[in-house]
Amino acid sequence: MVKKSSWMLVILISIVAVSFLAAGCAKKSVVKEEVAGRPAPAVEAKKAEPPPRPVAPPKAEPAPPPPPAPAPKVEAAPPKAVAAIDLAALRIQFAFDDYSLSSQAKENLEKLAGWMKEAGTAKIQVEGHACEIGTNEYNLALGERRANSAKTYLEGLGIGSGRLSTISYGEERPLDPGHTEASRSKNRRAEFVMTK
Amino acid sequence: MKKHKLFVSVLLLLTLFLAHPLSAKIYIDIRSPSFRKFPIAISTFQSLAPTRGDMQLGERASEILKNDLDLSGFFFLITPPGSIGKESSPAAGDSSPKPGEDRPATAGESLDFQPWANLGAEALVTGALSFRDGSLTMEARLYDVVKKEMIVGKRYIGEITDLSRMVHRFADEIIFALTGEQGFFQTKIIFVSQVGGFKELYLMDFDGRNVLPVTNHKSICLSPRVSPDGTQVVFTSYKFGNPDLFLRNLRTGEEKRIASYPGLNISPAWSPDGKRLALTLSKDGNPEIYTMNPDGTGLTRVTNHPAIDVSPTWSPDGQRIAFVSSRGGNPQIYVMQANGKNVQRLTFEGNYNTHPSWSPRGERIAFDATMGGGRNICLMNSDGSDLRILTANMGQCEMPSWSPDGRHLVFSATRDGEPRIFLMNAEGTRIKRLTFQKGSDTYPYWIRRRREIGR
């Protein structure tokens, strides 16, 4: 028994000695390798990036419908004083997981369309938003649906699609940062922003 | 480099030849349904180094090791009472050269296993650290207490900041030696944090340590997913105004925009072989799932439905894709072949099921759902059967992502207010909060690539 265990000991000692000898070198390089392999934090590879594109590119519609007949007349008219508009007041709300337009939403869009006809060349970006419920990937899609609902309705009222663009922020830009149902309900919305 | 490889393989041969009867034993059969937690003792690592912070390096090392082994769920940890681990400590005795004595590192020479056996330990970990000339050395050993034999012993040399990395590496050695499977203690998690006001990508160790910034877009970055080889991350960013997809090399920081179609360029997912990306584009009028090469070429449309289709996740064999669709009236999980054929609905309970994540082990899909009285993480088989709610009373739980071994999940939850990253096992227990920065932390993605033991 004693003999056997001392034999074991000899083997163990040799394993450990060899392991440590080799591990010492190997591990050293391994640890150093990992250090070198760290991601370079916050290093922007500016050269590799494509040139920035405009913040709000007009949505590429396959076949934009011809602008409504009266529109060119208005645009051609000499600049006249157009009443200022509170775009924030025209924001429209949606039901949970829904992108259909309420009668209130349609009313606001009609006001907006009326003003856009007056204003002649003003361009509007429709921002679609969602509440915090659900994963943002789905909410980005939902926000886009909401923005498109508003855009389609405005087009139906005679606003040329070239004057309208959309973007979805999903749940990323809440109007109300709270987590109550009242806050969430405010965040299910589309907003209108003037673009160049 | 070649020289190193050669050296290591010679060493491996030697080790195999000499130690085969020891290392071949599986101590913990983690695949057996009747597996019981394995009692392991961790002696406080002896520290020959100066103090750093208010904790000795040795204490920090044993704390990190205990935390790792505890998180694995395989072990019953035995903490030594004051008497052992000090005077006649196995840790103190076996590796530190005493003054005037220059002996080689040996195993078990002066180790008294009896006190550990009396505590019920079947395995024992000892270790020692020293810090000299700017170089940190850690020696650690795993013993079979019953046989009084060393199972594995390692020495690591690095910088002082490498301490947790050394410990994680030895923890993986322990898992491999006792279970025959690869651990995940050297893996990292990428996530989105708003700590600086913007939403940027950050990396951290799987246990929440060593948080590092990745991007500096000063914008909204979302949905980071790292390639199977661990070198590249694909993500959505509003950097140029529109939600576009970017591919970034995690080593060099080189970045390029790979999808910038009008509308959404979101929810990317790497195929298991890293050769294709599934993603969502709305360029054709509504959100559809496509696949493409990671450089943006070879775009193929996969879904074709007027409803929302988003958030694809691949099966481990790359043959199928699970995704979210609103085609049934509200968001539900569906599965299809990777070419878009044979779409089947998987979830029928609840009216808001999103963010599917397919386990790397194949048979299960995690997702988030409005079930169980709020937003919770759920789990089901990949055919939709055996639906279970894993979380409860943690606020809004969202965005589950699997550990490389398919035994754990990370996710975001509002349990403590703002969304934070949490870790739990796939049974929904052993919940641990990982992030403590200011601002929200979301979109955790557990990087699958790991440094494997014995290769």
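Tutor: Let us begin with a definition: a residue is called buried when its relative accessible area is under 20%. Please keep in mind that this is a predicted model.

Student: What makes Glu139(B) buried?

Tutor: The relative accessible area of Glu139(B) is 10%, and the cut-off is under 20%, so Glu139(B) counts as buried.

Student: Why is the contact between Arg141(B) and Glu139(B) called a salt bridge?

Tutor: The closest N and O atoms of Arg141(B) and Glu139(B) are 3.6 Å apart, and the rule asks for a side-chain nitrogen of Lys or Arg within 4 Å of a carboxyl oxygen of Asp or Glu, so the pair forms a salt bridge. Arg141(B) is buried as well, with a relative accessible area of 1%. Over all chains, the count by this rule comes to 31 salt bridges.

Student: What makes Arg407(B) and Glu181(B) a salt bridge, and which parts does the pair tie together?

Tutor: Their N to O distance is 3.9 Å, and the limit is within 4 Å, so the side chains meet in a salt bridge. Arg407(B) lies in the loop between strand E26 (397–402) and strand E27 (408–413) of chain B, while Glu181(B) lies in the loop between helix H5 (163–179) and strand E7 (188–193) of chain B, so the pair ties together parts that are 226 residues apart in sequence. Both Arg407(B) and Glu181(B) are buried.

Student: How do you know that E26(B) and E27(B) are paired strands?

Tutor: The two strands are joined by 4 bridges and run antiparallel; since pairing needs at least two bridges, E26(B) and E27(B) count as paired. They belong to an open sheet of 4 strands in chain B with the order E26-E27-E28-E29. The edge strands are E26 and strand E29 (432–433) of chain B, because each pairs on one side only.

Terms used
Residues are numbered from 1 along each chain as its sequence is written. Chains are lettered from A and ligands numbered from 1 in the order in which they are written. This is a predicted model: local features need pLDDT of at least 70, side-chain atom pairs count only at pLDDT 80 or more; totals for chains, interfaces and linings use all residues. Side-chain values use heavy atoms; hydrogens and water are left out. Buried means under 20% relative accessible area, exposed over 50%, partly exposed in between (1.4 Å probe, protein chains only).
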